[in-house]
Amino acid sequence: MMVLALGLAVAVLTAVVLYQQFAFRAGTQRKLREIHEKLKEILDEDGGARLMVFTDNRELMELSAQINRLLEKNAKAAADFRRLETTSRKMLSNISHDLKTPLTVIRGYLEIMRTQKEAALEARAESEARAEAEARAELQMMVKAEQKAQAMMELIDSFFSLAKIEAGDADVDLTRLDVCEVCRESALDFYEMLTGADFQVDIGLPEEPVLVHGNREALQRILTNLISNVLRYGSEGKYLGVFFRSDERWVYIDVTDKGKGIDSAFADSVFERLFTMEDSRSRSVQGNGLGLTIAKRLAEQMGGALTLESIPGERTTFTVRLKRVLQ
């Protein structure tokens with residue numbers, strides 16, 4: 001009887017120990033899953049929250065403490081980066097403004113000098129051929145200087161615009177906008193230039209209004225940049241296409257050319273600052289490398305996107321995506 005009681009006690013004790021071990025493991029696994037889920041939520045939201053785990057397990061408590069140390073360091077690094085980025089953008093905006101002022105004065109003086117020289121040339125007598133030739137040479141130099149100043153002004157304007165956009169100082173107010181009307185107006189602005197360069201122009205837009213959430217000035221600037229790029233980089237194909245697509249949520253405007261195209265090695269770089277595509281499309285004619293960056297930022301500020309798809313030698317398409325106004 002004693003042996004039976006002792007055996008029963010041992011069996012009960014063994015069962016209790018096994019149960020405790022099982023419960024401990026199950027509880028640990030449950031807490032680990034809880035830590036995993038909370039950590040994923042914190043990282044997804046990126047809100048600076050900390051991990052809170054209630055447990056008597058010292059190892060889990062230490063793990064939570066070390067995770068929180070990492071989260072604190074990550075939050076501090078992110079805040080420092082945002083602060084540095086904001087400072088850099090403000091500095092770029094200020095530098096752009098400071099450079100723009102003297103260039104405006106230089107450009108004004110050059111324009112006055114050119115105008116005066118042109119008037120003097122018109123007043124010269126025909127017998128003063130040598131003096132006239134010298135005056136014309138001086139005039140040509142002034143014209144070139146004025147052109148360079150103008151190019152510099154355009155570059156500074158682009159820097160200034162990009163700095164304002166990225167610093168959040170550029171207001172892009174969204175309204176209900178007929179995207180087809182803006183596309184037609186933008187294409188017509190270039191029509192004479194395109195036909196004068198023997199371009200085939202295809203406009204595929206619906207006649208009825210299609211409303212999007214957008215900003216007229218921002219969309220016009222995007223389209224102006226894209227069509228200018230067709231003239232600048234896609235001239236070999238002598239083709240411009242502006243087409244419309246849509247689905248339940250989005251409107252898509254495709255601006256297409258059939259020029260040399262953009263190699264896949266450069267496809268991810270065309271929207272970067274100061275990337276001029278000199279290796280990917282044309283070395284003879286280049287822009288300032290900021291137009292597509294500005295266009296992409298403007299599209300994003302309107303809640304949309306600007307993307308690229310290119311098959312070199314066949315077709316290159318930039319697509320503007322904007323949110324459709326649901327009827």
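Being a predicted model, local features are taken only where pLDDT is at least 70 and side-chain atom pairs only at pLDDT 80 or more, while totals for chains, interfaces and linings use all residues. Numbering starts from 1 along each chain as its sequence is written, and side-chain values rest on heavy atoms, with hydrogens and water left out.

Overall, the protein has seven helices and seven strands; helices here are DSSP runs of H or I with at least four residues, strands are runs of E with at least two, and both are numbered from the N terminus. Read from the N terminus on, the order of elements is α-α-α-β-α-α-β-β-α-β-β-α-β-β. Of the 327 residues, 34% are buried, where buried stands for under 20% relative accessible area, exposed for over 50% and partly exposed for anything in between (1.4 Å probe, protein chains only). As for contacts (heavy atoms within 4.5 Å), 70% of those between residues at least 6 apart in sequence join residues at least 24 apart.

Now for the helices. Two packed helices are described by the angle between their axes and the distance between the axes. The axes are lines fitted to C-alpha atoms, for helices over the stretch in contact, and the angles run from 0 to 180 degrees between N-to-C directions. Helix α4 (residues 179-189) packs on helix α6 (residues 216-233) at an angle of about 45°, and their axes are 10 Å apart. That makes α4 oblique to α6, on a scale where angles under 35 degrees are roughly parallel, those over 145 roughly antiparallel, those from 65 to 115 roughly perpendicular and the rest oblique. The crossing of α4 past α6 is right-handed; a crossing gets that label if the near helix is turned clockwise from the far one by less than a right angle, and left-handed if anticlockwise. On the α4 side, the residues involved are Val179, Glu181, Val182, Cys183, Glu185, Ser186 and Ala187, and they meet Arg216, Leu219, Gln220, Leu223 and Ile227 of α6. Sorted by class, this contact of α4 with α6 holds seven nonpolar, two polar and three charged residues. In that sorting, Ala, Val, Leu, Ile, Met, Phe, Trp, Tyr, Cys and Pro are nonpolar, Asp, Glu, Lys and Arg are charged, and the others, Gly among them, are polar.

Helix α6 also meets α7: their axes come within 9 Å and cross at roughly 145°, and this crossing is left-handed. From α6, the contact takes in Ala218, Arg221, Ile222, Asn225, Leu226 and Asn229, which meet Gly291, Leu292, Ile294, Ala295, Leu298 and Ala299 in α7. Helix α7 itself (residues 291-301) is mostly covered, with eight of its 11 residues buried; among them are Thr293 and Lys296. Just after α7 sits glycine 303, with a positive phi of about 80°.

Over in the strands, threonine 256 belongs to β5 (residues 250-257) and threonine 317 to β7 (residues 315-323). Threonine 256 is buried, at a relative accessible area of 2%, and threonine 317 is buried too, at 11%. Their side chains are joined by a polar contact of 2.9 Å. The term covers a pair of N or O atoms within 3.5 Å; within protein, one must be able to donate a hydrogen and the other to accept it, and residues adjacent in sequence count only if both atoms are side-chain atoms. Setting aside neighbours within four places in sequence, threonine 256 has contacts including Tyr239, Leu240, Gly241 and Phe243.

Two loop residues have a positive phi without being glycine. One is aspartate 198, at about 65°, in the loop between α5 (191-196) and β2 (200-204); aspartate 198 is exposed, with 60% relative accessible area. The other is lysine 238, at about 50°, in the loop between α6 and β4 (239-246). At 38% relative accessibility, lysine 238 is partly exposed.

Lysine 144, finally, lies in helix α3 (residues 129-166) and is partly exposed at 49% relative accessibility. Lysine 144 and leucine 110 are 34 residues apart in sequence, with a C-alpha to C-alpha distance of 9.9 Å.
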